[in-house]
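This report describes one protein model for a reader who has not seen it before. The sequence and the structure come first, and the description follows.

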Amino acid sequence: MVSDGMGPASLSLTRSFRQVVEGLDMRDTLVLDDHFWGTSRTRSSNSFVTDSAAGATAFSCGHKSYNTAISMLPDFQPCGTVLEAAKRAGYATGLVVTTDITDATPACFASHVYYRSQGDEIALQEVGEGVLGRTVDLMLGGGRCHFVPNTTLESCRADNVDVTTIAREKHGYTYIDDRAGFDSLKRGKNVSLPLLGLFAATDVPFEIDRRHMANVFPSLSEMALTALTALEEATKDSDKGFFLMIEGSRIDHAGHINDPAAQVREVLEYDKTFKLVLEFLNASDKEGVLVATSDHETGGLALALRKFLSTIPIMLLTPVQRLPASCPSTTGTPLFSPKLTPRPSTSPTSCATTSPGTPNRTQMIFAGGSTQTLLSAGLASMMLSRLRSTPSPRTLWMLYTLLLAWSACAPVLAGAPTATVPWT
Ligand SMILES: [Zn+2]
């Protein structure tokens, strides 16, 4: 399993978020926390910052390569992937994602191109048009636009090739593209392989939105359970098993756009899926191994900030419980200290005029510490470099006052990731 773009701060944020909104003890952990063994190195060969392509190449091929490489080495030679090796050894194979099935992570298991932007070519290779033929038995996720010809409205292909037709007619795939088709799979009990299921033109919506559109888009956990059940059924009479890559793809996207509200829901859904896979393995009479890792971190999520002229970091996470709108006199009263004390047992979920079913809301407020600190430091060095002689105490005092003002305004001016996370 791959938690794309998830760093330690994402886990910490999600763990604390759940503790607060569900009124759990501060010792409560995610399922992922209980299975933390270590870290993996996925460094890019040409950058200190690894992208999803170099990250996925590192764990699909076992080789470090350059950013944007899709299972291609720095000398532009393709490298064999673990999925291709499994297929060659007689295993069934699958890919489950919530982004385009042609995006960097899934692409790195079943295709080889110089640049991750070659989505049209990746789609063709994934269905079996590469030199190795068809290596994937099951694909579930988004990214239809690279599979339909540019004569159709939702296409993002440069040509008029219909990859779905090639998949069906040349490589034997069953192709489904909507929720009704997904439901017809009966949670994996009614699948004929190979199967190509693409449920969105590009990304499946963030979980925070998708849960309100569950009649249109399946969730990561639903797709993962369907894939596990289908692949186990398909290999029940074989002495070989299956290889399945499941990606929580959009933790990465939520990090890129500095959206902690979306990010916690993505990590929670990934944690739920991780638990589901563990339960599947425990219930199965076949041996199995679950490996879960991340490729890199995105967004530079920071939960603390060292304030200007202070040595003590302060937390940027302030859980605040708000009473229903029908309690105007107390709305916004902070009921939790910033130390994340457990929700009081006498939860103030109602007031005299609360109507039945009115949700009590907790908001967690974040600000982007790293941006603020960087901008403050940048401004300070810019101003100091303009002083040609030793500054007088009066100049220094003015500078100090200006910097304090800037420190307060910087996150807003910079559009820093300040967000509220509704808990309902
Ligand atoms: Zn990534």
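## Overview

The protein has 13 helices and 11 strands in its secondary structure. The model is a predicted one. Of its 424 residues, 42% count as buried. Among contacts between residues at least 6 apart in sequence, 67% join residues at least 24 apart.

## The six-stranded sheet

Six strands make up an open sheet with parallel pairing, and their order is β1-β6-β2-β3-β5-β4. At the edges are β1 and β4, each of which pairs on one side only. Helix α11 packs on this sheet, where it touches β1 and β6, and its direction makes about 160° with that of β6.

In general, strands of a sheet pair through backbone hydrogen bonds, in either a parallel or an antiparallel way. The sections below take two strands of this sheet in turn.

Strand β6 covers residues 242-248, and seven of its seven residues are buried. In a regular strand the side chains alternate between the two faces of the sheet. In β6 both faces are covered: Phe 242, Leu 244, Ile 246 and Gly 248 are buried on one side, and Phe 243, Met 245 and Glu 247 are buried on the other.

Two parallel strands are joined to β6. Strand β1 (residues 2-3) is connected to β6 by two bridges, and Val 2 has Glu 247 as its bridge partner there. Strand β2 (residues 92-100) is connected to β6 by five bridges; here Val 96 is partnered with Ile 246.

## Strand β5 and its partners

Strand β5 (residues 195-198) is also covered on both faces, with Leu 195 and Gly 197 buried on one side and Leu 196 and Leu 198 buried on the other. Four bridges link β3 to β5 in parallel, and in β5 the bridge partner of Gly 141 is Leu 198. Strand β4 (residues 174-176) runs parallel to β5 and is joined to it by three bridges. Thr 174 has Leu 195 as its bridge partner in β5.

## The largest nonpolar core

Which residues touch the most other members of the largest nonpolar core? They are Ile 70, Leu 95, Val 96, Ala 224, Ala 227, Leu 231 and Leu 244, out of 80 residues in this core. Helix α9 (residues 220-234) supplies the largest share of the core, nine residues.

Leu 244 lies in β6, on the side that also holds Phe 242, Ile 246 and Gly 248. Not counting residues up to four places away in sequence, Leu 244 touches Gly 94, Val 96, Ala 227, Leu 228 and Leu 231.

## Helices α1 and α11

Helix α1 (residues 8-21) packs against helix α11 (residues 260-283) at an angle of about 85°, and their axes are 9 Å apart. The two helices are therefore roughly perpendicular to each other. On the α1 side the contact is made by Ser 10, Leu 11, Leu 13, Thr 14, Phe 17 and Arg 18; on the α11 side it is made by Pro 260, Gln 263, Val 264, Val 267 and Leu 268. Seven of these contact residues are nonpolar, three are polar and one is charged.

An α-helix has 3.6 residues a turn, so residues three or four places apart point the same way.

## Helix α2

Is helix α2 enclosed by the rest of the structure or exposed? Nine of the nine residues of α2 (residues 52-60) are buried, so the helix is largely enclosed by the rest of the structure. The buried residues are Ser 52, Ala 53, Ala 54, Gly 55, Ala 56, Thr 57, Ala 58, Phe 59 and Ser 60.

These buried residues pack against three helices: α3 (82-88), α4 (104-110) and α10 (251-256). Just after α2, Gly 62 has a positive phi of about 80°.

## Pro 149 in its loop

Pro 149 sits in the loop between β3 (138-142) and α6 (163-171).

Leaving aside neighbours within four places in sequence, Pro 149 is in contact with Ser 155, Arg 157, Asn 160, Val 161 and Asp 162. Pro 149 and Thr 164 are 15 residues apart in sequence, and their C-alpha atoms are 9.2 Å apart in space.

Conventions:
Residues are numbered from 1 along each chain as its sequence is written. This is a predicted model: local features need pLDDT of at least 70, side-chain atom pairs count only at pLDDT 80 or more; totals for chains, interfaces and linings use all residues. A residue is buried if 20 or more other C-beta atoms lie within 10 Å of its own, exposed if 12 or fewer, and partly exposed in between; C-beta atoms are placed from the backbone. Two strands pair if DSSP finds at least two bridges between them. A nonpolar core is a set of buried Ala, Val, Leu, Ile, Met, Phe, Trp, Tyr and Cys residues joined through C-beta atoms within 7 Å. Two residues are in contact if their C-beta atoms, placed from the backbone, lie within 7 Å. Axes are lines fitted to C-alpha atoms, for helices over the stretch in contact, and angles run from 0 to 180 degrees between N-to-C directions. Angles under 35 degrees count as roughly parallel, over 145 as roughly antiparallel, 65 to 115 as roughly perpendicular and the rest as oblique. Ala, Val, Leu, Ile, Met, Phe, Trp, Tyr, Cys and Pro count as nonpolar, Asp, Glu, Lys and Arg as charged, and the others, Gly among them, as polar.
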